[in-house]
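Thanks for coming. I have one structure to go through today, and I will keep it short.

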Amino acid sequence: MLGLHDIQYLYEFIFWLITFLILRIVWHKPAVRLAYGYVVAGFNLFAIIMYTLSSVSGQMSGLDAFSFGFLHAMVSIVMLTLIHKEIKIDKRKKVLK
């Protein structure tokens, strides 16, 4: 009765819980925060490319692809802005020391 597809959410929950716990342990390192920001921005840019390809191939309507792509573009911009601001703050802290 319970196949793999029925407990997929449990596997996803365990994956994100382990990811959260690992990040919680190493989040104080600036390199980890920067790498996380770049990875999230990169995945969102990849999602934009995939939505564009889905629209061009006819698997998704153009407006749906645009709206989902726009959402992912905003997330990428926010992540890159946060990375830029953190680098700027770190440089300012080093100058003050």
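This is a predicted model: local features need pLDDT of at least 70, side-chain atom pairs count only at pLDDT 80 or more; totals for chains, interfaces and linings use all residues.

Residues are numbered from 1 along each chain as its sequence is written, and side-chain values use heavy atoms, with hydrogens and water left out.

Start with the pocket. On a 1 Å grid over the protein atoms alone, a pocket is an open set of points where a 1.4 Å probe fits, with protein on both sides within 12 Å along at least five of seven lines; lining residues have an atom within 4 Å of a point. The largest pocket holds about 190 Å³ of space, a volume being the space filled by probe spheres set on the points. Which residues line the largest pocket? They are Phe15, Trp16, Thr19, Leu23, Tyr36, Val39, Val40 and Phe43. Helix H1 (8-26) and helix H2 (30-56) are the elements that give two or more residues to this lining. Helices here are DSSP runs (H or I, at least four residues), numbered from the N terminus. By class, the lining has seven nonpolar residues, one polar and no charged; Ala, Val, Leu, Ile, Met, Phe, Trp, Tyr, Cys and Pro count as nonpolar, Asp, Glu, Lys and Arg as charged, and the others as polar.

Now the surface. A nonpolar patch is formed by Leu10, Phe13, Ile14, Leu17, Ile18, Phe20, Leu21 and Ile22, with about 750 Å² of accessible area together. Patch residues have over 30% relative accessible area and no salt bridge, and nonpolar side chains are joined within 5 Å. The areas are Shrake-Rupley values with a 1.4 Å probe. One of the patch residues, Ile18, lies in helix H1 and is partly exposed at 44% relative accessible area. Partly exposed sits between buried, under 20%, and exposed, over 50%.

How many salt bridges are there? The count is one, taking a side-chain nitrogen of Lys or Arg within 4 Å of a carboxyl oxygen of Asp or Glu. The pair is Glu86 and Arg33, at 2.7 Å, N to O. Glu86 is in helix H3 and Arg33 in helix H2, so the bridge ties together parts 53 residues apart in sequence. Arg33 is partly exposed, at 21%.

Asp90, also in helix H3, is partly exposed at 22%. Its C-alpha atom is 8.8 Å from that of Pro30, 60 residues apart along the chain.

Last, Ser61 is in the loop between H2 and helix H3 (62-96) and is partly exposed at 37%. The C-alpha atoms of Ser61 and Tyr51, ten residues apart along the chain, are separated by 9.7 Å.

How values were computed. Patches are made of residues with over 30% relative accessible area and no salt bridge: like charges are joined within 9 Å, nonpolar side chains (Val, Leu, Ile, Met, Phe, Trp, Tyr) within 5 Å. Buried means under 20% relative accessible area, exposed over 50%, partly exposed in between (1.4 Å probe, protein chains only).
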